[in-house]
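Please look over the sequence and the structure shown here before reading the numbered points of this note.

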Amino acid sequence: MDFNMKKLASDAGIFFTRAVQFTEEKFGQAEKTELDAHFENLLARADSTKNWTEKILRQTEVLLQPNPRKTLIKVAEAEKRLGAAERDFIHTASINFLTPLRNFLEGDWKTISKERRLLQNRRLDLDACKARLKKAKAAEAKATCEGDTVPDFQETRPRNYILSASASALWNDEVDKSEQELRVAQTEFDRQAEVTRLLLEGISSTHVNHLRCLHEFVESQTTYYAQCYRHMLDLQKQLGSSQGTLFPGTFVGTTEPASPPLSSTSPTTTAATMPVEPSVAGLAPPGEAALCLEEVAPPASGTRKARVLYDYEAADSSELALLADELITVYSLPGMDPDWLIGERGNKKGKVPVTYLELLS
C-alpha cells in the first residue's frame, strides 16, 4: 500500500501543533480565543439537548419493554385484545416518538459534533498562528535593537553587526509569513464559526419537533389505556353476566366512554360501598329474568349523594345515563353487583357504575 509521506508528515505536524497549543492552554501558558457569550450559550443548549434526548430515549425504551402476562383460560380473549392494543401502542410510539429521537442523535447531532470538532481545530490553528506571530515579532524587535548598535569598525571583522543585520532581515521575513498564515487561519476560523453557529441555532426547531413527538406519544398512551379500560370493562361484564346475578340485563351492550375514569379518593370521598338494606319492598326474587326498577323503593336509610365524575351513556333501559358534575342519589340493594348502585335523579332511576361516581360524605 502506497503512503503519501509528505501528507502524513504534514498531518502529524498539524496534530502535534494543535496538541501543544491545547496543552499550553490548559496549563495557562498560551492565549485562547474566547467565543462570545451567545455562542457559548448555543453550545450549552446543544449539549443539553443531546443529553436529554439520550436520557428520554433510554428511559422510554425501558418503559416500552413488554411485560410477561399470566394467561388465564377464562380471560384468554381479553388478554389477546390487550396484547394487540399493546403491540399497536409500541409500534405507534416507535414510529412517532423513538424514531425521531434516534434520527436526531444519529443525524443532526452527528453533523453538529463534526462541525464543532472542525471549529475546535480551526481555533487551535488560529491560536497557534497568533503565538508564532507574537514570538516572531519579539525576536524581530530584539534583533532590531541589536542591529541599531554602532559597530566598532576598528575591528578587522565587525562580525556581530553583520550577524545582527542578517538576523533582523530573517525575522522580518518570518513576521510577514506569520501574518499571512494568521490571516488565512482567521478566515477559516470565522467561516467555520458561522457554519457551526447556524447549526446550533437550528436546535430550536429540534425542540419544537421533540415537543410534537412528545404530544403524539402522550396521545398514543391515552388511546392505549382507554382501549385497555374498555377491554377490561367488557371482561368484567362478561364474567358478571355468566354468574346469573340479580340483574341479568346488566351487561348488555358495549358502548363505553372514550376515556377511563381515573379518579383518586379525595378527603371527602369514602369507599365505594353502600349499606345494604335487609328488605326492599317490591324486589323480585332471584329467579326472575328482570327487575322492574319502577317498583323498587329506596331504603328508609342508607341513601347517599354522589357527584358524577364522567359522562355515561346507558347501555339499556335498566341503566341511568349520567352527565359529568351532576348530583344524584344512590343506594344499594341486596344481591347487587358491588360495582353497581341504584341511582335516582328526579323521577328517573337506574343502575349506575360506581367508578363514575364520587360518593359524598
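1. Basis of the note. The model is predicted: local features need pLDDT of at least 70, side-chain atom pairs count only at pLDDT 80 or more, and totals for chains, interfaces and linings use all residues. Residues are numbered from 1 along each chain as its sequence is written, and side-chain values use heavy atoms, with hydrogens and water left out.

2. Confidence. The term pLDDT stands for the predictor's confidence in each residue, on a scale from 0 to 100. For the protein chain the mean pLDDT is 76, with 72% of the residues at 70 or more. Residues 149-159 have pLDDT below 50, and this stretch makes four contacts in the model beyond near neighbours in sequence; a contact means heavy atoms within 4.5 Å. Residues 242-290 also stay under 50 in pLDDT, and the model has 95 contacts for them beyond four places in sequence. Where pLDDT is low, the predicted coordinates should not be read in detail.

3. Helices and strands. The protein chain has five helices and five strands, and from the N terminus on their order is α-α-α-α-α-β-β-β-β-β. These elements are DSSP runs numbered from the N terminus: helices are H or I with at least four residues, and strands are E with at least two. Among the elements, helix H4 (residues 159-201) has the lowest mean pLDDT, 80, while strand S2 (residues 327-331) has the highest, 92.

4. The chain as a whole. The protein chain has 361 residues, of which 34% count as buried. Buried means under 20% relative accessible area, exposed means over 50%, and partly exposed lies in between (1.4 Å probe, protein chains only). Of the contacts in the protein chain with a separation of 6 or more, 74% join residues 24 or more positions apart.

5. The largest pocket. The largest pocket has a volume of about 350 Å³, where a volume is the space filled by probe spheres set on the points, and grid points are joined across faces, edges and corners. Its lining has 17 residues, and the closest to the centre are Gln21, Glu24, Ala30, Asp127 and Ala131. Helix H1 (5-26) and helix H3 (76-147) are the elements that give two or more residues to this lining, and H3 gives the most, with seven. By class, the lining has five nonpolar, four polar and eight charged residues. Here Ala, Val, Leu, Ile, Met, Phe, Trp, Tyr, Cys and Pro count as nonpolar, Asp, Glu, Lys and Arg as charged, and the others, Gly among them, as polar.

6. The second largest pocket. This pocket has a volume of about 290 Å³. Of its 15 lining residues, Lys32, Leu35, Leu43, Gln120 and Arg123 are the closest to its centre. At least two lining residues come from each of H1, helix H2 (37-63) and H3, and H3 gives the most, with four. The lining holds six nonpolar, two polar and seven charged residues.

7. Leu57. Leu57 belongs to helix H2 and counts as buried because its relative accessible area is 11%. Leu101 is 44 residues away along the chain, yet the two C-alpha atoms are separated by 6.8 Å.

8. Val184. This residue is in helix H4 and is partly exposed, at 39% relative accessibility. Between Val184 and Asp125 there are 9.9 Å from C-alpha to C-alpha, and the two are 59 residues apart in sequence.

9. Asp325. The loop between strand S1 (304-308) and S2 contains Asp325. Its phi is near 75°, a positive value in a residue other than glycine. Most residues other than glycine have a negative phi. Asp325 is exposed, since its relative accessible area is 56%.

10. Cysteines. The structure holds zero disulfides, a disulfide being a pair of cysteine sulfur atoms within 2.5 Å. Cys129 is buried at 6% relative accessibility, and Cys213 is buried at 0%.

Technical notes:
1 Å grid on protein atoms, 1.4 Å probe; cavity = no way out; pocket = protein on both sides within 12 Å on 5 of 7 lines; lining within 4 Å.
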